[in-house]
Amino acid sequence: MTVGFIMMCHTALDRAAQVARFWSEGGSPVVIHVDARVTAHDYNGFKKMLADLENVSFSRRYKCDWGTWSLVAASQAAAEQMLALHDDVRHVYLASGSCLPLRPLHELTDYLDARPYTDFIESVTTTEVGWTVGGIDIERFTLRFPFSWKKQRRMFDRYVEFQRRVGFKRRIPDGLVPHLGSQWWCLTRQTLSAILEDPDRALYDRYFKRVWIPDESYFQTLARLYSTSIESRSLTLTKFDFQGKPHIFYDDHLQLLRRSDCFVARKIWPKADKLYRTFLDKSPGRSVMAEPNPAKIDRLFSKSIERRTRGRPGLYMQSRFPRKDHENGKTSAPYSIFHGFSDLFENFDGWLAKYVGARVHGHLYAPERAEFAGNERMFNGCLTDDAALRDYNPRAFLTNLIWNSRGERQCYMFSPRDNQANNWFTATDPNAQISVITGAWALPLSRRNENFATIRREAAMLQKRELEHLDILRSMYVKARVRIWTVADFIENPMEPLQTIIDEISPRATRRLTEAPQMVDLSGFNQFLQNLKNQGMQPLVMGDFPLEQSGQRDAATRRGRPYLVK
């Protein structure tokens with residue numbers, strides 16, 4: 001027995017000629033269909049390249065358009081010519097001009113000789129198809145499609161919607177159960193001849209001429225009427241992306257293609273010299289005789305599709321900018337926000353940097369400028385400290401900063417004085433660790449020597465901002481790791497929460513805190529809060545401050561921790 005090849009060609013004819021010669025010199029006849037749109041000059045040149053091969057012929061030419069009957073008509077004409085000219089052919093293999101054999105021809109011949117009555121054609125009922133793109137499954141058999149999906153998309157969609165609205169349905173010929181599958185098949189002579197010589201062929205052809213993408217349903221449906229043994233799979237390795245477009249194989253896919261153990265692969269880049277040189281080499285090699293198994297490389301293609309559709313976590317691209325709350329990770333790495341700590345402690349960012357392996361910034365969203373670590377004016381990725389540029393897109397500023405410094409944890413200070421535009425974004429980011437000391441913003445105000453009415457108005461504004469932020473942090477939608485203390489609770493025992501925070505940032509570190517950061521001067525703060533109350537403002541976020549004895553308080557402040565009298 002032998003296998004005959006039908007090649008559907010329309011471009012890269014020089015590569016198609018190499019493949020046709022490989023199969024022809026291996027002993028298999030080849031019938032080639034060349035798209036009628038190919039110029040006479042290119043067509044004649046193609047024929048000259050193969051003129052010395054007696055078992056290569058060319059079939060009647062059709063103008064082929066994607067998704068139309070012309071592809072089926074071209075396949076029929078080539079198949080009829082194959083069966084008429086080559087009586088010794090027992091399997092007919094349909095391939096494209098962009099296909100490339102991956103294994104020696106004798107391995108394919110031996111494989112088919114061991115299965116003389118088996119048809120290899122992907123053939124699945126419409127209810128079980130999972131790869132169709134566009135929402136049209138059974139309707140491709142019951143509606144009319146006079147407009148090109150590629151060239152007349154608007155008319156195509158409108159006409160489909162019109163037919164749905166009026167309830168139009170075509171009748172499927174009796175005895176046919178619609179099936180779908182890859183257009184690249186390998187059929188036995190018995191099955192293929194039965195399809196082409198069927199007494200009802202004119203009826204079937206007339207019906208399928210109005211089916212959408214008939215090259216993926218004509219042979220797949222009719223083979224079910226005549227085949228005695230169908231393996232619903234293609235022997236051609238073809239991978240599709242999430243849009244239903246075929247993946248193109250390049251030179252760096254060499255080992256991937258070998259691993260699949262498939263006989264033929266599609267689509268090969270015409271300039272993949274290494275692939276053509278390797279797989280068309282006729283020198284004897286080790287015969288593997290392995291079962292074709294494209295599933296071996298499915299994992300890599302699944303990763304490719306996921307990378308293309310979802311992207312990398314925390315990386316935002318113009319071509320794939322995600323919808324809100326549907327990102328593949330809001331940010332690319334964990335980071336920490338310290339709300340109120342710089343108001344309670346002196347040089348807190350410098351103290352924190354000694355205990356954690358992280359980059360500790362100041363107030364990145366301060367009104368004047370972004371306070372990068374080390375007082376730098378420019379950060380990784382050419383992020384400038386200019387407040388106007390930062391506030392043009394505060395979220396992108398943060399995501400870029402974290403993406404550009406992958407591998408190094410970022411920490412920054414925050415307060416109600418800063419730009420609040422990112423509050424919802426950070427609160428709903430699983431990568432965020434947010435530690436809050438409420439009311440700490442009042443400490444700098446208590447030491448300000450200004451008109452108290454002005455201070456009170458600013459205090460009211462800052463408290464309102466903080467309360468709004470706290471409402472967000474206590475929302476049911478929060479995904480960040482959030483810890484909240486009042487300033488009164490925190491100063492009573494600062495070591496325990498600080499140790500907890502640092503352990504979470506650097507879980508592998510075994511260093512225990514031996515000293516707390518230096519607190520700011522707390523003298524007069526209780527009286528400041530009382531003055532706010534006297535002026536008509538109710539402090540709500542500071543906690544319950546106990547009375548302090550001035551002598552004990554002053555001594556404790558010099559040691560870096562207030563002494564509280566209970």
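The second largest cavity of this predicted model has a volume of about 60 Å³.

Around the second largest cavity stand Met-8, Leu-71, Val-72, Ser-75, Leu-94, Gln-183, Trp-184, Trp-185, Asp-215 and Phe-219. Helix α3, residues 69-85, gives the most to this lining, with three residues. Sorted by class, the lining of the second largest cavity holds seven nonpolar, two polar and one charged residues.

How many cavities of 30 Å³ or more does a search of the whole structure find? The search finds five. The largest cavity has a volume of about 70 Å³. Its lining is made of Ile-337, Tyr-365, Tyr-412, Phe-414, Asn-422, Asn-423, Thr-426, Ile-434 and His-469. Both β17 and α17 (423-427) supply at least two residues each to the lining of the largest cavity. By class, five residues of that lining are nonpolar and four are polar, with no charged residues. Here are the two cavities side by side.

| Cavity | Volume | Lining by class |
|---|---|---|
| Largest cavity | about 70 Å³ | five nonpolar, four polar and no charged residues |
| Second largest cavity | about 60 Å³ | seven nonpolar, two polar and one charged residues |

Strand β17 deserves a visit of its own. This strand is mostly covered, with six of its six residues buried. In a regular strand, side chains alternate between the two faces of the sheet. In β17, Arg-409, Cys-411 and Met-413 point one way, while Gln-410, Tyr-412 and Phe-414 point the other way, and all are buried.

Which strands pair with β17? One is β13 (residues 335-339), which pairs with β17 in the parallel sense over five bridges. Within this pairing, Tyr-335 stands opposite Gln-410. Another is β14 (residues 358-363), running parallel to β17 and joined to it by four bridges. There, His-363 has Met-413 as its bridge partner in β17.

Is Glu-408 buried, partly exposed or exposed? Glu-408 is partly exposed, because its relative accessible area is 28%. Its side chain makes a polar contact with the side chain of Arg-359, at 3.3 Å. Glu-408 and Phe-341 are separated by 67 residues in sequence and by 21 Å in space, C-alpha to C-alpha.

Another covered strand is β4, residues 89-96. Seven of its eight residues are buried, so β4 is largely enclosed by the rest of the structure. Leu-94 is one of the residues that line the second largest cavity. Strand β1 (residues 2-9) runs parallel to β4, and seven bridges join the two. In this pairing, Val-3 stands opposite His-91. With β9 (residues 186-188), β4 pairs in the antiparallel sense over three bridges. His-91 has a bridge partner here too, namely Thr-188 in β9.

Val-3 also leads us to Ser-28. The backbone oxygen of Val-3 lies 2.9 Å from a polar atom of the Ser-28 side chain. Ser-28 sits in the loop between α1 (13-25) and β2 (30-34). This serine counts as buried because its relative accessible area is 1%, and buried means under 20%. Leaving aside residues up to four places away in sequence, Ser-28 touches Thr-2, Val-3, Phe-5, Trp-23, Asn-55 and Leu-105.

**An exposed lysine**

For a contrast, turn to Lys-151, in the loop between α5 (139-142) and α6 (153-166). Lys-151 is exposed, with a relative accessible area of 64%. Not counting residues up to four places away in sequence, Lys-151 touches Arg-37 and Asp-65.

**A three-stranded sheet**

The last stop is an open sheet of three strands, with the order β5-β12-β11 and mixed pairing. Why is one side of β5 (100-101) and of β11 (236-238) left without a neighbour in the sheet? Both stand at the edges, each with a single partner strand, so one side of each has no neighbour there. Strand β5 pairs with β12 (residues 264-266) in the antiparallel sense over two bridges. In that pairing, Leu-100 stands opposite Ala-265 of β12.

Conventions:
Residues are numbered from 1 along each chain as its sequence is written. This is a predicted model: local features need pLDDT of at least 70, side-chain atom pairs count only at pLDDT 80 or more; totals for chains, interfaces and linings use all residues. Side-chain values use heavy atoms; hydrogens and water are left out. Buried means under 20% relative accessible area, exposed over 50%, partly exposed in between (1.4 Å probe, protein chains only). A polar contact is a pair of N or O atoms within 3.5 Å; within protein, one must be able to donate a hydrogen and the other to accept it, and residues adjacent in sequence count only if both atoms are side-chain atoms. Contact means heavy atoms within 4.5 Å. Two strands pair if DSSP finds at least two bridges between them. On a 1 Å grid over the protein atoms alone, a cavity is a set of points where a 1.4 Å probe fits but cannot get out, and a pocket is an open set with protein on both sides within 12 Å along at least five of seven lines; lining residues have an atom within 4 Å of a point. Grid points are joined across faces, edges and corners, and a volume is the space filled by probe spheres set on the points. Ala, Val, Leu, Ile, Met, Phe, Trp, Tyr, Cys and Pro count as nonpolar, Asp, Glu, Lys and Arg as charged, and the others, Gly among them, as polar.
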